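Have the structure open as you read.

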Amino acid sequence: MNYKIEIRSIKDLLDDKKYLTNINIQRKYIYTHDQAKYLLDSIQKKIPIPAIYLWDNCDGSFNVLDGKQRITVMRIYNNANYLGVPINFFIDFMDINDFYNYEIPVIVCSGTEEEKIETFYRINTTAVKLTEFEIMNALYQGIFVEEFGNWGENLSPIEAKLFGNDRRGNNCIKALNLFTNDTREYFKHNKNVSFISGLKLQIDNLLKNTYDIFGEYNNDLYILAKIVLENSNNPSIISSWKLNSNKITKLLQEYLSNGELSVAPSKESFYKEILGCYDITGLDSKRFFTRDDKKHLFENLEQGKSKGKRVCPNCKKEFTFDELEIDHIKPWSKGGATTLSNAQLLCKSCNVKKSNK
């Protein structure tokens, strides 16, 4: 790939037949009036603005890789009807020649189509200007991203509850993250695959299962959907959760009301444990110990040789307060009470080895 740095006047960049902004690898014009006025004020006061990146198509035209929003503001200022509707930024009068002659640094790149895509990707991910979906839309144009984007802009209330309402595709990425850890590879390999007849069916099935189990709970449904998806290869578990949905929902609401979530190691671990134990009778209504419980146990542990450290009763090594974990001696899932008489502090390694024993 080759590149060079040039200085070009606004008058040059107003040529929209030469400097192409209405291309797939650019999002729509999204500047607010305040952002536009701020840019024009910089031009009026002759304050430098960021460089614009162009890709030389070697046919007399250039694709704008970065700077579409700035160029569009300039074109609107030059022609208020540029976007089809009149727009007036109401800035102080600017001498038209000063405006036309204002010079902007331009970085011109050229190379293969693959280098063009990679350059665009790196510019916009490094600058954090586009959402991840907008970048994927730019790189992998096809039926998948088109249908996926339309879906993200028109979510049902149930879908919006899990993924949120967003017109820049963040909800699409949130939904996709349930099914893959590498969104870029997913878009790349599925760009010509129909979203409607593919991923959409998976999302619909997941939402149905999630709402069949947790519809009345109505909290942290995205986390719960993730857990449902992780168990989707075991239909008997999903069926059991559906049959016992009222019991599960009641148990979750009970723990939510008594503040258990606030002391859980993580919401996901909390929900997984409840779902693994909902059919066990005699469980203590209190699941997690408090930080005060941990402080009490820490003070009563054997002191280490190093200041502020205590000795793990299992491995006999020294650890700080934060390196030790509070554990049920008799596991909670087997009816153990969440009381100090059934509590001990172990290092993380020993706690993992003990597991549910």
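Start with Lys 226 and Glu 268, whose side chains meet in a salt bridge at 3.6 Å, N to O. For a salt bridge, a side-chain nitrogen of Lys or Arg has to be within 4 Å of a carboxyl oxygen of Asp or Glu. Lys 226 lies in helix H12 and Glu 268 in helix H16, so the pair ties together parts that are 42 residues apart in sequence. Helices here are DSSP runs (H or I, at least four residues), numbered from the N terminus.

Before going on, a word on the source: this is a predicted model, where local features need pLDDT of at least 70 and side-chain atom pairs count only at pLDDT 80 or more, while totals for chains, interfaces and linings use all residues. Residues are numbered from 1 along each chain as its sequence is written, and side-chain values use heavy atoms, with hydrogens and water left out.

**Charged pairs**

Lys 226 and Glu 268 also belong to a salt-bridge network that takes in Glu 230 and Lys 272. Lys 226 is partly exposed at 34% relative accessible area, and Glu 268 is partly exposed at 22%. The cut-offs are under 20% for buried, over 50% for exposed and partly exposed in between (1.4 Å probe, protein chains only).

In total, the structure holds 17 salt bridges. Here are three of them:

| Pair | N to O distance |
|---|---|
| Lys 4 and Glu 6 | 3.3 Å |
| Lys 200 and Asp 204 | 3.0 Å |
| Lys 226 and Glu 268 | 3.6 Å |

Lys 200 and Asp 204 both sit in helix H11, four residues apart, or about one turn of the helix. Lys 200 counts as buried at 17% relative accessibility, whereas Asp 204 is partly exposed at 30%. As for Lys 4 and Glu 6, Lys 4 is partly exposed at 46% and so is Glu 6, at 21%.

**Rings**

How many aromatic pairs does the structure hold? There are 19 aromatic pairs. One of them is Phe 148 with Trp 151, which is stacked, at 5.7 Å centre to centre and 25° between the planes. Rings of Phe, Tyr and Trp (its six-membered ring) pair if their centres lie within 6.5 Å; planes under 30 degrees apart count as stacked, over 60 as edge-to-face and the rest as tilted. Both residues are in helix H7 (residues 143–153), three residues apart, and both are buried.

Tyr 217 and Tyr 271 have ring centres 6.0 Å apart and planes at 80°, so this pair is edge-to-face. Tyr 217 lies in the loop between helix H11 (199–214) and helix H12 (221–230), and Tyr 271 in helix H16 (residues 267–277), so the pair ties together parts 54 residues apart in sequence. Tyr 217 and Tyr 271 are both buried.

Ring pairs also build a cluster, with Phe 148, Trp 151, Phe 163 and Tyr 222 among its members. Lys 174 lies over the face of Tyr 222, 4.7 Å from the ring centre. Such a charge counts if NZ of Lys or CZ of Arg is within 6 Å of the ring centre and within 35 degrees of the ring normal.

**Cores**

The largest nonpolar core has 56 residues, and those touching the most other members include Phe 148, Trp 151 and Phe 163. A nonpolar core is a set of buried Ala, Val, Leu, Ile, Met, Phe, Trp, Tyr and Cys residues joined through side-chain atoms within 4.5 Å. H11 gives this core its largest share, six residues. Apart from it lies another core, of 26 residues, including Ile 49 and Met 94.

Technical notes. Helices (H or I, at least four residues) and strands (E, at least two) are DSSP runs, numbered from the N terminus.
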